[in-house]
Amino acid sequence: EIRIKEPIEKEVNPHLLPGELLLCEASTVYKYMQEDGSNRGTYGKLVCTNFKISFLDDDSASDDNEPQFKNKIVGENDITLQCVDQIYGVYDEKKKLLTGQLRKYPEKLIIYCKDLRVFNFCLRYTKEEEVKRIVSGIVHHSQTPKLLKRLFLFSYASAAPNNTDGRNQTVMFETLEDWRDELERTKGNVKYKAVTTNEGYSVSEKLPLYFVVPLCISEESILKYEGRGIPIWCWSCHNGAALLKMSAFPKEQDDSTSQMQKAFLDGIYKTISKPPYELLKLDDLSSSLPSLQDIQTAYTRFKQLFLIDNSTDFWATDVKWFSLLESTNWLEIIRRVLKKAIEVAECLEIQHTNVLLIEESATDLCCVISSLVQVMMDSYSRTKSGFQSLIQKEWVIGGHRFLDRCNHLHKSEKEEAPVFLLLLNCVWQLVQQYPPAFEFTETYLTVLSDSLYVPIFSTFFFNSQHQRDTNKSGESLKTQSGPFRFLTVWDWAVQFDPKAQAFLNNPLYAEKPKPDKSQRKTARFKHQRQLSLPLTQAKPSTKRGFFREETDHLIKNILGKRIGKFINSSDEPPNSLREFYDSWHSKPVDYHGLLLPRIDGPEIKVWAQRYLRWIPEAQLHGGGTIATAAKILDLMEEVQSLQVKMDEEHSQAVSGDLHSVPMLRNSARLSSLFPFALLQRQSVKPALPTSTWKDLEDEDDLVKRDDEFVDLSGDML
């Protein structure tokens, strides 16, 4: 039961990190719970620092009832300035977007976050001067353009002690040796070489210091167009075929320049493609995948489904969930990206053909496809350290423009696009389809997506290795000289204690196998809550490819046009790809071999943990995957305690990792979205007015049908 707490008498001060400064504060602020109009909540103090916005009530001072999964940097009522998406003020019950200078100050403040939390603050009982200070301070520090050096990243790096965990196994790809080791690991060193041509960034500031190119590429070729038109190596398959990427030339050029560039490219292609021994397939991703603008538009629509102010809004969207989800186009983009990765995998695995991904800068969709292909084809990339090394190689060192794509400096919304989030959504599809193949969990992917907005790590706050290196020099408060020492996000001990870190590791990960012929394909579970668009529950016929022809009345209404377009268009996969896909899915899964995602309709799901974790109405109490995980962890704990007893009997030393498994007792009391949301109130679905039902009856007869996919009485849970 949530009590209304009286204004706090005792002084509660915010917990400040090294380099963090308190900028403004307001007392007697009332924070609403996400409720259905009952206005229940708690009084406290709202503060804004150069790192975060934080709400402090009297619970903030006590450590009682701390959650099992607590972030040491960002608390439950903390919002980093980079995590703020939009701020609305409420004036006479009307919402208005707050930007820049304010003439009038609101009575309520609503903050929408990029991790999909929604905070509602009432300022009616706060002093007018404090309201002006806190509202203008929050809007200014979180919404106005800023200089790179003004990021909290630099304040923290100059003030924090450098006591990072030296046990980090992630390969950072900052040295020539790292690249040579990767070439050796993938047996790519026969045809490819690591080059030092860009040392001192003499070729291009967009390229990393070290990278890998085919042996036949000369230094003159790399220098000629500042690295453009040069195939850069990503990964080599076990059969010798390689995945490459290339930064394309600008399309609008005068004729003589275009002719010269075309001749240059033809020469490059001839050195790589030597039929019948060495084949090369070119894939221009800018024409075969959605544009960054399309991706941004789809995600903007998609996230609106989850930025919910109150219970009434939730139930209002529940009755038209499928049509709203379909109209965003986000799941369709995920499907297209996964399909493209399958195409590339087929070229490498079956046709033994080198694939060259082409994109204007080769730092956006190239990163997505090359990373996905490696996760699907290389079991090392499905380990925790391997996946982190992959992100370092393809994204951080590869030059993905995190600063612009995440719009951390609020300089240009035109450059913003959730490209890295798109990758994590695609990897999540694989993780939920083949859990034993991954050493990490969906919780790991969720906290990784949250870490995009935590500016104490340099990993996601620069556009290139050059930008990071040039901004690394600065004066430290401790030593008065020397470069900044930035933290890497891969040191999870900074954010989580060992007990919480255990949630990032998959207890059912299938270790590198000893050959086991009895291994069978994992069972395909019926999806419980409709987080995917409905199509069919039966396994698709191998003769019919990706989709079944038998679709019922509901499906035709919801998806008819799109499915028809997919089947009848030239986008239909060629026969060889279809045979490859169907053939692979007809065999048992080798969790350490090639993995192909299932991409027919209901298989592409919404990442429930990330998108629904803050919505009480969407939680299953004592249900969901966490209930299963709790039983497994309890069993593991019991096995480990028995092992301890056996070891003691044999006078053997007890391993230090025995207490790394978190205790999840009373799984019936956990929410399905644990560890992010603990047990919360039950939500009662309001009765729909007759007029609402009548409106629904006119829309495709959805209500009249007792359909197995749509249960309006609460299947959305």
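Is C366 buried or exposed, by its relative accessibility?

A: C366 counts as buried, because its relative accessibility is 0%. The model is a predicted one, and every value here is computed from it. The cysteine sulfur closest to that of C366 belongs to C367, and at 6.9 Å it is too far away for a bond. A disulfide is a covalent bond between the sulfur atoms of two cysteines. With a cut-off of 2.5 Å between sulfur atoms, the count of disulfides comes to 0. C237 is likewise a buried cysteine, at 2% relative accessibility.

The setting is a protein chain of 717 residues, of which 55% are buried. The chain holds 22 helices and 14 strands. Among contacts with a separation of 6 or more, 73% are between residues 24 or more positions apart.

Charged side chains are also found among the buried residues. R610, in helix α20 (residues 608–612), is buried yet has no salt bridge. The nearest side chain of opposite charge is that of D450, 4.8 Å away, and the salt-bridge limit is 4 Å. The side chain of R610 does make a polar contact with the side chain of S449, at 2.8 Å. Beyond its neighbours within four places in sequence, R610 is in contact with several residues, including K114, D115, Y299, L421 and Y453.

D450 has a salt-bridge partner in R613, at 2.7 Å from N to O. D450 lies in helix α15 (residues 442–450) and R613 in the loop between α20 and α21, so this pair ties together parts that are 163 residues apart in sequence. Both D450 and R613 are buried.

A search of the whole structure finds 27 salt bridges. One of them joins the side chains of K45 and E25, at 3.2 Å from N to O. This pair links strand β2 (residues 41–49), which holds K45, to strand β1 (residues 22–32), which holds E25, across 20 residues. K45 is buried at 7% relative accessibility, whereas E25 is partly exposed at 30%. Another salt bridge joins K95 and D309, at 3.4 Å from N to O. K95 is in strand β6 and D309 in the loop between α7 (292–304) and α8 (311–318), 214 residues apart. Here K95 is partly exposed at 44%, and D309 is buried at 13%.

P106, in the loop between β6 (94–97) and β7 (108–113), is buried with a relative accessible area of 3%. Leaving out residues up to four places away in sequence, P106 touches G89, V90, Y91, L98, L123, V131 and V135. Y201, in the loop between β9 (192–195) and β10 (211–214), is buried with a relative accessible area of 14%.

The backbone of Y201 has a phi near 55°, a positive value in a residue other than glycine. Most residues other than glycine have a negative phi. N329 also has a positive phi, of about 75°; this residue lies in the loop between α9 (321–328) and α10 (330–349), and is partly exposed at 26% relative accessibility.

Technical notes: Residues are numbered from 1 along each chain as its sequence is written. This is a predicted model: local features need pLDDT of at least 70, side-chain atom pairs count only at pLDDT 80 or more; totals for chains, interfaces and linings use all residues. Side-chain values use heavy atoms; hydrogens and water are left out. Helices (H or I, at least four residues) and strands (E, at least two) are DSSP runs, numbered from the N terminus. Buried means under 20% relative accessible area, exposed over 50%, partly exposed in between (1.4 Å probe, protein chains only). Lys and Arg count as positive and Asp and Glu as negative; His and the chain ends are not counted. A polar contact is a pair of N or O atoms within 3.5 Å; within protein, one must be able to donate a hydrogen and the other to accept it, and residues adjacent in sequence count only if both atoms are side-chain atoms. Contact means heavy atoms within 4.5 Å.
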